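Open your viewer and have the selection tool ready. We will go stop by stop.

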Amino acid sequence: QVQLVESGGGLVQAGDSLRLSCTASGRTFSNYAMGWFRHIPGKEYEFLAAINWNGGTTLYGDFVKGRSTISRDNAKNTVYLVMKSLKSEDTAVYYCAARSPGHTAIPTTSLYDYWGQGTQVTVSS
């Protein structure tokens, strides 16, 4: 089992950029495809981005496509999400998640097996 801890959230201004980090512990990080999601109260979880074990494949959701970049550093057991041109509607709790080893990066929330506790991002206009 892998444990995930997100960081990098906080209060930012509209138009700013933000880098979220997710650090894993407990198992070999490079075995896991990773994803970023967010949750706004009253709404479904939204897929943001995913990356396969070696960073060779990345996927992006419509909400952030063109203004976000997912990357990973397996030596640091960390996956990152950089978001640019933040808007007030980006205000949410942001989560990273991992799929069990042997699975690929996909945009389906329910197929991620391990989740962090989330980090709040608030975008002020």
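Which residue's side chain does Asp62 meet in a salt bridge? Select Lys65: the two side chains meet at 3.6 Å, N to O. Remember as you look that this is a predicted model.

Now show the surface around this pair. Asp62 has 69% relative accessibility, so it counts as exposed, the cut-off being over 50%. Lys65 is exposed too, with a relative accessible area of 53%.

**Next stop: buried charges**

Select Asp90 and Arg67. Their side chains form a salt bridge of 2.7 Å, N to O. Asp90 sits in the loop between β8 and β9, and Arg67 in the loop between β6 (58–60) and β7. The two are 23 residues apart, so the pair links distant parts of the chain. Are these two buried or exposed? Both Asp90 and Arg67 are buried.

Salt bridges with shared partners join Arg38, Glu46, Arg67 and Asp90 into one network. Within it, the side chains of Glu46 and Arg38 meet at 2.5 Å, N to O. Glu46 has 10% relative accessibility and counts as buried. Arg38, at 3%, counts as buried as well. Side chains of opposite charge can pair when their charged atoms come close. In total, the structure holds four salt bridges.

**Next stop: a sheet**

Switch to cartoon view. Find the open sheet of four strands, in the order β1-β3-β8-β7, with antiparallel pairing.

Zoom in on β7 and β8 (residues 78–83). These two pair in the antiparallel sense over six bridges. Pick Ser71, and you will find Tyr80 of β8 opposite.

**Last stop: the nonpolar cores**

Select Leu4, Met34, Trp36, Val79 and Leu81. These have the most contacts inside the largest nonpolar core, which has 28 residues. Elements giving two or more residues to this core include β3 (18–25), β4 (34–39) and β5 (46–51). Apart from it lies another core, of eight residues, among them Ala33, Phe37, Ala50 and Ala105.

Residues it touches include Leu4, Cys22, Phe29, Ile70, Val79 and Tyr112. In soluble globular proteins, nonpolar side chains tend to be buried together.

Key
Residues are numbered from 1 along each chain as its sequence is written. This is a predicted model: local features need pLDDT of at least 70, side-chain atom pairs count only at pLDDT 80 or more; totals for chains, interfaces and linings use all residues. Side-chain values use heavy atoms; hydrogens and water are left out. Two strands pair if DSSP finds at least two bridges between them. A nonpolar core is a set of buried Ala, Val, Leu, Ile, Met, Phe, Trp, Tyr and Cys residues joined through side-chain atoms within 4.5 Å. Buried means under 20% relative accessible area, exposed over 50%, partly exposed in between (1.4 Å probe, protein chains only). Contact means heavy atoms within 4.5 Å. Lists of a residue's contacts leave out its neighbours within four places in sequence.
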